[in-house]
Amino acid sequence: MQTKVSEITVNNIDITSDFWNRYRKLVVKEVLPYQWQVMNDQADIDISDDPQGNGSTKNSHAIANLKIAAGLMKGHHYGFPFQDTDVYKWLEAAAYSLKYNPDEDLKKITDGLIDLISEAQEDDGYLSTEFQIDYPDRKFKRLKQSHELYTMGHYIEAGVVYYQITGNEKALNIAKKMANCIDSNFGLENGKIPGYDGHPEIELALSRLYETTREEKYLKLAHYFLNQRGKDKNFFDNQIKEDGASSDRDLIDGMRDFPLSYYQASKPIEDQKTADGHAVRVVYLCTGMAYVARLTGDQQLLEACHRFWKDIVHRRMYITGNIGSTTTGEAFTYDYDLPNDTMYGETCASVGLSFFARQMLAIEAKGEYGDILEKELFNGALAGMALDGKHFFYVNPLEADPIASKYNPGKKHVLTKRADWFGCACCPSNVARLVASVDKYIYTVNGDTILSHQFISNNAQFGNGIEVSQDNHFPWSGEIHYEINNPNQLAFKLGIRIPSWSRNKFGLKINGKKIDLASEDGFIYINVNDESLTVDLSLDMNTKFMRSSNKVSSNYGKIAVQRGPIVYAAEETDNKAPLWNYKVETDKEPKYHYNKDLLEGVGTITVKSIAEEISPEDGPLYSTIDEATANYETDLKLIPYYAWANREEGQMQVWLNK
Ligand code: FUB
Ligand code: ZN
């Protein structure tokens, strides 16, 4: 009789994918050194004004802030209240890189950084440099905008990962001390603050700390923050009143007057029906909710996760996975409101939606979570970083025009060139930590099942000697080859996601023999009990013309082009502007070509289209339709969305006229 595996563990995953290894090497060679220089104010760069127009800053000052707080330097805090988090997210990315690329020089820097952070931390565990340096009497008194728990949460995440990868106990102790400080200050007990942070984050961070330490109090605290959110509508305002005049600079113009829904605090989470307010806040909150729902079994929280997921993914998300339809408050607006040229689509929001998807996969095996994760990894989140690893987008539009961005104040936030850095630099190190940890996004294990939800070539070792290796040239090819070694001939299941874009057409061979398997909730399941096994999956890599629901006015009459998981875009550098002048002929076969010399190697697509001759300069602005200019047939060349804005600056469009 076969022994059934009751609980599979993941021991190690080595990425072998060319696509992802290029990015991971880039993180080591360019991204980390570059960002470290920037945060130490040693890079000769332009720091772009943040998209909210709060003024451009000369330096990052992020490390200097920590040095001042540690008493190693004199001066004032500089930058946003959460400037410290740039350092922490960088540290987390660096920690992941030390796993796949051990590097003594980097390790010296990161160990030194842990020492600096430890010196900056107060005896009671508090650490938020702006308040330590300039407003010590305001600690925890302005939680609506202060970001103190958000800031400490980012350290807790980094500290946990740094400890897990390097064994540095100090890194973990700082995190625990911070969490203990928060625990002794927040809660419903007498003398504690019965509130929470305006920016969710701490909930997911405490859950990660709990998973490492197994200390119940951290999970309880995370749960408390979720339960308490939105319970007392006056909490934030009362805090400000109690603290005196509200002379704080708003982080975003008029932010103090934003409705409580902006902070997901207008009602308790169980009563919140839609994903409203600031997009990054929403997805960080959802990630925390999913963690705590899984770890505690709280069904109300799980229901809220489902509700938010549905609202975001089915009604408020761009085809690239980007979220946030307006720059005002970097926020969601209403269902099906998905303008392409004034949108926000913050990189952090895509990173956050990836976190949420991954947590949902850890709760339940539904292919849709893997679909959205894939969407982010190959489109929305990845677009946040240039191919050189040294330029970044904060806002990710689906339609852009340099002239419009320059002259239309309503589009000023839409950059058409990635920036060196930002005054509010939350995105660059966030995308870095996602890319550096992509090995954590390939499999989920649940009981006796290994779920393979991302097609990223790798060699993975699980417990009991089980090995799974995946070999493919995804996202350019849909031929996915698996080899499974099971030396102890244990019985377990391998679930493989059948992506939504291939749901109606895929081929499967087990040990070279064709087999039909129906997918359940987006996964097919293979029972493994032999010593070895091969699986070959052929996915549908036909180029597809996509449409959106006709509830989305911005895309009405338009199509987008997708092949595999990759959403395509037209750029002015390949096609004569204006791009709105083309009508794609969807009845004509598109042509796909892999070009190894373009944009670090990309698949390009050429579609047939009808373009109009451009109206003469001094011609009438309006005329009857029978006076329209002549049409001509022409090719329209498309490149992957994630790779746009890596050549000459110009127009870009994802949704094209049909
Ligand atoms: O508020 C902290 C971070 O800065 C948010 O998550 C981003 O949207 C940016 O506003
Ligand atoms: Zn950001």
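This is a predicted model: local features need pLDDT of at least 70, side-chain atom pairs count only at pLDDT 80 or more; totals for chains, interfaces and linings use all residues.
## Around ligand 1

A polar side-chain atom of Glu-346 sits 2.7 Å from an oxygen atom of ligand 1.

Which residues are around ligand 1? They are Phe-82, His-147, Tyr-150, His-199, His-278, Val-280, Glu-330, Glu-346, Tyr-394, Cys-424 and Cys-426. Sorted by class, this shell holds 6 nonpolar, 3 polar and 2 charged residues.

## Helix 8

Helix 8 covers residues 169-185. At the start of the helix, a side-chain oxygen of Asn-168 comes within 2.9 Å of the backbone nitrogen of Lys-170. After the helix comes Gly-187, with a positive phi near 150°.

If you colour this helix by burial, look for Ala-171, Leu-172, Ile-174, Ala-175, Met-178, Ala-179, Cys-181 and Ile-182, which are buried. The cover over the buried residues of helix 8 includes helix 4 (104-120), helix 7 (148-166), helix 9 (202-213) and helix 10 (216-228).

## Helix 9

Of its 12 residues, 10 are buried, so the helix is largely enclosed by the rest of the structure. The buried residues are Ile-202, Glu-203, Leu-204, Ala-205, Leu-206, Ser-207, Arg-208, Leu-209, Tyr-210 and Thr-213; Glu-203 and Arg-208 are among them.

What do the buried residues of helix 9 pack against? Their partners are helix 3 (84-100), helix 7, helix 8, helix 10, helix 12 (279-296) and helix 17 (426-436). From first C-alpha to last, helix 9 reaches 16 Å, close to the 16 Å expected at 1.5 Å a residue. Arg-214 follows the helix and has a positive phi near 60°.

Tyr-23 belongs to helix 1 (residues 18-39). With a relative accessible area of 1%, it falls under the 20% limit and therefore counts as buried. Beyond its neighbours within four places in sequence, Tyr-23 is in contact with Leu-382, Met-385, Leu-387, Val-435 and Tyr-642. Met-385 is 362 residues away along the chain, yet the C-alpha atoms of Tyr-23 and Met-385 are separated by 9.9 Å.

Val-602 lies in strand 20 (residues 602-612) and is buried, with a relative accessible area of 0%. Leaving out residues up to four places away in sequence, Val-602 touches Trp-476, His-593, Tyr-594, Asn-595, Pro-640, Tyr-642 and Ala-643. Lys-591 is 11 residues from Val-602 in sequence and 14 Å from it in space, C-alpha to C-alpha.

Asp-540 sits in the loop between strand 14 (532-539) and strand 15 (543-546). Is Asp-540 buried or exposed? Its relative accessible area is 10%, so Asp-540 is buried. The Asp-540 side chain reaches the backbone nitrogen of Asn-542 at 3.0 Å, and a polar contact of 3.0 Å links it to the side chain of Lys-544. Asp-540 also touches Trp-501, Ser-502 and Lys-505, not counting residues up to four places away in sequence.

## Backbone details worth a look

Most residues other than glycine have a negative phi, and most peptide bonds are trans. Phe-140 is not a glycine, but its phi is positive, about 60°. Phe-140 lies in the loop between helix 5 (129-133) and helix 6 (143-146), and at 5% relative accessibility it counts as buried. Gln-264 likewise has a positive phi, about 55°. The loop between helix 11 (235-242) and helix 12 holds Gln-264, which counts as buried at 1% relative accessibility.

One joins Phe-474 and Pro-475, with omega about 10°; Pro-475 is placed in the loop between strand 8 (467-471) and strand 9 (479-485). Another runs from Ala-577 to Pro-578, with omega near 0°, and Pro-578 is found in the loop between strand 17 (566-571) and strand 18 (582-584).

Definitions and conventions: Residues are numbered from 1 along each chain as its sequence is written. Chains are lettered from A and ligands numbered from 1 in the order in which they are written. Side-chain values use heavy atoms; hydrogens and water are left out. A residue is near a molecule or strand if one of its heavy atoms lies within 4 Å of it. A polar contact is a pair of N or O atoms within 3.5 Å; within protein, one must be able to donate a hydrogen and the other to accept it, and residues adjacent in sequence count only if both atoms are side-chain atoms. Ala, Val, Leu, Ile, Met, Phe, Trp, Tyr, Cys and Pro count as nonpolar, Asp, Glu, Lys and Arg as charged, and the others, Gly among them, as polar. Helices (H or I, at least four residues) and strands (E, at least two) are DSSP runs, numbered from the N terminus. The expected span of a helix is 1.5 Å times one less than its number of residues. Buried means under 20% relative accessible area, exposed over 50%, partly exposed in between (1.4 Å probe, protein chains only). Contact means heavy atoms within 4.5 Å.
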